[in-house]
Amino acid sequence: MIELTLAEIAEAVSGRLHRADGGERVTGSVEFDSRKVTDGGLFVALPGERADGHDFAASAVAAGAAGVLAAREVDAPAVIVPPLPPGQAHERSVALAGDTDGSGAAVLAALAALARHVVTRLSETGLTVVGVTGSSGKTSTKDLIAQLLEPLGPTVAPPGSFNNELGHPWTALRADRKTRHLVLELSARGPGHIAELAAVAPPRIGVVLNVGSAHVGEFGSQEGIARTKGELVEALPAEGVAVLNVDDPFVAEMAQRTSARVVGVGESPKADVRAENVRSDEHARASFDLVAGGERAEVRLQLVGEHHVGNALAAAAVALELGMPLSEVAAGLSAATRRSERRMEVTTRSDGVTVLNDSYNANPESMRAALKTLASMTSSRRSWAVLGVMSELGADSVSAHDEIGRLAVRLNINRLVVVGEQAAAMHRGASHEGSWGEESVLVPDTDAAVALLREQLRPNDVVLVKASKVAELWRVADALLEEDGGA
């Protein structure tokens, strides 16, 4: 973060000073975990399921923090933030477990105001903010963009999927006067959420990847999801750039909702930045010709799964807009690696069993992509799909799970292990599509899945593990690899 006094922070968040004269200088990072406080940092006191950050204010300052951002008076120099109206407090409290009185919501609002203050000042001196949204692929694309932009100047991006009311401003506040690019991932639980995040760190470049059926239970329809995802392009300035996937009709239509210049990406001939001659190797790593501005260069992705082609095109469009030559973009994409865990994380054991850990999250679109990747890797090897619930699908949940089970059969996946009763429609779908005997099995929990795999896995099998994060299916992947230690 840029250096600020507590008085300047109080003014930025409309707070008041407590046990401080205002001259205390914040020169370190902003942290909500008191164990990570650095000298001169700012500690953000938030309630949690097990503890309240306000109780750690004094210890955070003793550890080096210059002050605390708090909702109530604490035994330390602090900026006390104003309470929120009840409606706003309830909306923001959803993002924080343990926020029973709205104090955490008030601190989150103040954190957002502080981030907006800092980003506005940095944007005046050359910071470019890039925002990425979509139903799937946000994190992988954010990671690709960051890797491409780093050679052009200091770049800040969130770890993993830190993309909500807490992670978004926290990431923005990692930027300082040296930072040239701030790459942010924007998620939403409902209408208006992306607009709110975009207001925290106003983007100059906005990327919309796709509109799927993830969270359709909360939005009501794909059209509702599209309206919310499109809030990102509506937030762009006239001198900004909207990078839109023209292969997705919902996304392509967003060109009508922005005053920014539109750059289309995809495999369509209409795309300004497009992929031609897409092919995959035996490890499901895609290669393609990157075409833009009358130039062409070959890209050989190290990432597993052909679905990364679209992510790579979006990243390429951003890098090209920021001045990187096409040949360097292609080289950067070819050198890019996976940065976030549990996203097509491929590990091979000493007995040849390969585990595809894609267990961070799941929706119908990403589940289909993962199954197709598994099928492309296993023409001569036995394939296993260990799948769990896809959450937040509303009334479409049963049919969506049924469809995934049927797809596993159509792709000739050898064994389907469905974990948990919430995902049982996958097993029924596979059975109705033509699976029989033990090709598809429903098990009650992760322990049962691990036990089955330990008993029946053979050397050189390939195992995909995927579900929404609530299913905690990474426990299956971890168990398979802990036995062997990987190779």
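A search of the whole structure finds 3 aromatic pairs. Rings of Phe, Tyr and Trp (its six-membered ring) pair if their centres lie within 6.5 Å; planes under 30 degrees apart count as stacked, over 60 as edge-to-face and the rest as tilted. This is a predicted model, where local features need pLDDT of at least 70, side-chain atom pairs count only at pLDDT 80 or more, and totals for chains, interfaces and linings use all residues. Residues are numbered from 1 along each chain as its sequence is written, and side-chain values use heavy atoms, with hydrogens and water left out.

Two of the pairs are set out here.

| Pair | Centre to centre | Angle between planes | Class |
|---|---|---|---|
| Phe32 and Phe162 | 6.0 Å | 50° | tilted |
| Phe32 and Trp170 | 6.4 Å | 70° | edge-to-face |

Phe32 lies in the loop between β4 (30–31) and β5 (42–44), and Phe162 in the loop between β9 (155–156) and α6 (167–172), so their pair ties together parts 130 residues apart in sequence. Trp170 sits in helix α6, 138 residues from Phe32. Helices (H or I, at least four residues) and strands (E, at least two) are DSSP runs, numbered from the N terminus.

Phe32, Phe162 and Trp170 form one aromatic cluster. Are its members buried or exposed? Phe32 is partly exposed at 32% relative accessibility. Phe162 is also partly exposed, at 21%. Trp170 is buried, at 13%. Buried means under 20% relative accessible area, exposed over 50%, partly exposed in between (1.4 Å probe, protein chains only).

A charge also meets a ring. The charged end of Arg343 sits over the ring of Tyr360, 3.9 Å from its centre. This requires NZ of Lys or CZ of Arg within 6 Å of the ring centre and within 35 degrees of the ring normal.
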